[in-house]
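Good morning, and thank you for coming. Please keep the sequence and the structure in view while I speak.

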Amino acid sequence: MSQKGPAMRFDKVIRYGTVVTASDTFKSDVGIKEGRIAALAGALTEADEIIDATGLYVMPGGIDSHVHLDQPSGEGIVMADDFESGTRSAAIGGNSTVLTFCMQEKGQSLREALRLYHAKAEGRCHIDVSFHLVVTDPTPEVLGQELPALVADGYTSIKVFMTYDGLRLRDDEILATLDAARRTGALVMVHCENEDAIRYLIGRHEAEGQVEPRYHAATRPIAAEREATHRALSLAEIVDTPVVIVHVSNRQAMEEIRRARQRGQKIAGETCPQYLMLTSEDLDADALEGAKYVCSPPPRDKESQSACWEGIEQGVFDLFASDHCPFRFDDPAGKLNEKGRRHFRWIPNGIPGVATRLPILFSEGVMKGRIDLNRFVAVTSTNHAKLYGLYPRKGTIAIGADADIALWDPDMQITLTNEMLRHGADYTPYEGLAVRGWPVRVMVRGTTVAKDGHLCDSRRGGSYLHRTLSSLTRNAGNGNRNRG
């Protein structure tokens, strides 16, 4: 801890709270000046505003590094959240930063995609944002010219898909993208599912007339995710490139990550609330209600839920992210579009969750004794900042860090409803879930943006964040990037 200077006066002081970081828990006041944390000490009293945090935890604001906002989603389909509604909901749920995806479409340059996404986000964000680049058209120009320049400009992470028409890359394209990332220091996120197996299973179910929402899960089995995870890790090993395996849903894929790490690969794993709270039985709801839970990979079974908890507890998963990908349910431009009513393959994949991520993990993880407070902070904020080049500016309570702070009341009990989440979707998959623990105040660079479940700051003062290299790629060493 640092003592305040004798003449220092703060813009704000948070008093009487318990500070929690990824490594420490201690009683301290927090002094904030010009949007940054300026002091951690006892008895800080000289401030324009005193915030009483008695009985509260003072934690870094959540960083959700897997969020889809205002993304093209197919002809006639409209994503439920733009940057205004998505960042509003994120703030209410305890987040101070989100990392969203900038989708390159076929034939489009990465620069053009970024121009469009910056225009969508400009002046509309309540909290800070940054972009991952989704590479769908890895031409020599994109990989050899655009990507190195963009990484140098602070766009330091990219995502590739192994599934979905129009998005997935062949193995040779994945190798080329991984190799380009190795040379530049970019971190690669991989969506792992075997598209050929999925297409085959869809055809088989179509032939048998099995096209209701429940069959979405049946056509994307655990083996399809496990095989693709193994293949992605093998490709990354061939070109010696660090990767993040995102939204892992089951033990078999998780064990592929564990084994690769034991072999010495630089790798991070991510899981999401839907794999802790939902199962494939949710897709089997009456009528078309199951469409609400269609996402990829799909929710699995109770054993898979237990495995994902184990991965969080044991450190196999470094990241707990929402994969917020929201569509309205009862809407011709959403889940129940004309074709989606007739066949699961046309139901937009994704569920809302940016506001419920933190309360669910706090309630089900911390308050039920599965993880401690420090692990909670690590997997919801600090590790995201480190892996995606934002640390130590973001993701911790420390002198000099941005005053991105969430005050948590561990005893507040809330029953989740869609209305309270303030996102653009017309449902939440967690309707009626009782949680214990809630972020009662959320600050971004010292400004309170949400309090007691309501938006406080309508100025939309969120900033775009250019990032440094990932801790994972920096640790891989310059020798890798200079090879070949």
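Predicted model: local features only at pLDDT ≥ 70, side-chain atom pairs only at ≥ 80, totals over all residues.

**Cis bonds, a sheet and an enclosed helix**

Proline 392 lies in the loop between α12, residues 373-387, and β16, residues 405-415. The peptide bond that joins tyrosine 391 to proline 392 is cis, with omega at about 5°. As background, most peptide bonds are trans. A cis bond also joins serine 296 and proline 297, where omega is about -10°. Proline 297 is likewise in a loop, the one between α9 (274-277) and α10 (302-314).

Most residues other than glycine have a negative phi. Aspartate 452 is not a glycine, yet its phi is positive, about 50°. You will find aspartate 452 in the loop between β18 (447-451) and β19 (454-455).

How many strands form it, and in what order? There are 7 strands in an open sheet, ordered β3-β2-β7-β16-β17-β18-β19, and the pairing is mixed. At the edges stand β3 (25-27) and β19; each has a single partner strand, so one side of each has no neighbour in the sheet. Within the sheet, β17 and β18 run antiparallel and are joined by 4 bridges. Across this pair, methionine 443 stands opposite threonine 448, which is in β18.

Helix α11, residues 357-366, lies across β7 (57-60), β16 and β17, and it runs at about 130° to β17. Helix α12 packs on the sheet as well, where it touches β2 (18-20), β3, β7 and β16. The direction of α12 makes about 30° with that of β7.

Proline 439 is part of strand β17, residues 434-444. Its relative accessibility is 2%, and because buried means under 20%, proline 439 counts as buried. Which residues does proline 439 touch, leaving aside those up to four places away in sequence? They are Ile92, Gly93, Gly94, Pro359, Leu407 and Trp408. Proline 439 is 348 residues from alanine 91 in sequence, yet the two are 9.4 Å apart in space, C-alpha to C-alpha.

Alanine 91 brings us to helix α1. Among the buried residues are Phe83, Glu84, Arg88, Ala91 and Ile92. As a general point, an α-helix has 3.6 residues a turn, so residues three or four places apart point the same way. What caps the N-terminal end of α1? Aspartate 82 does, with a side-chain oxygen 3.1 Å from the backbone nitrogen of glutamate 84. Just after α1, glycine 94 has a positive phi of about 100°. Glycine 94 is also one of the residues that proline 439 touches.

Thank you for your attention.

Key: Residues numbered from 1 in each chain as written. Heavy atoms only, no water. Buried < 20%, exposed > 50% of the residue type's maximum accessible area, 1.4 Å probe, protein only. Helix = DSSP H or I, 4+ residues; strand = E, 2+ residues; numbered from the N terminus. Polar contact = N/O pair within 3.5 Å; in protein donor to acceptor, adjacent residues only side chain to side chain. Contact = heavy atoms within 4.5 Å. Pairing = 2+ DSSP bridges. Axes fitted to C-alpha atoms, helices over the stretch in contact; angles between N-to-C directions.
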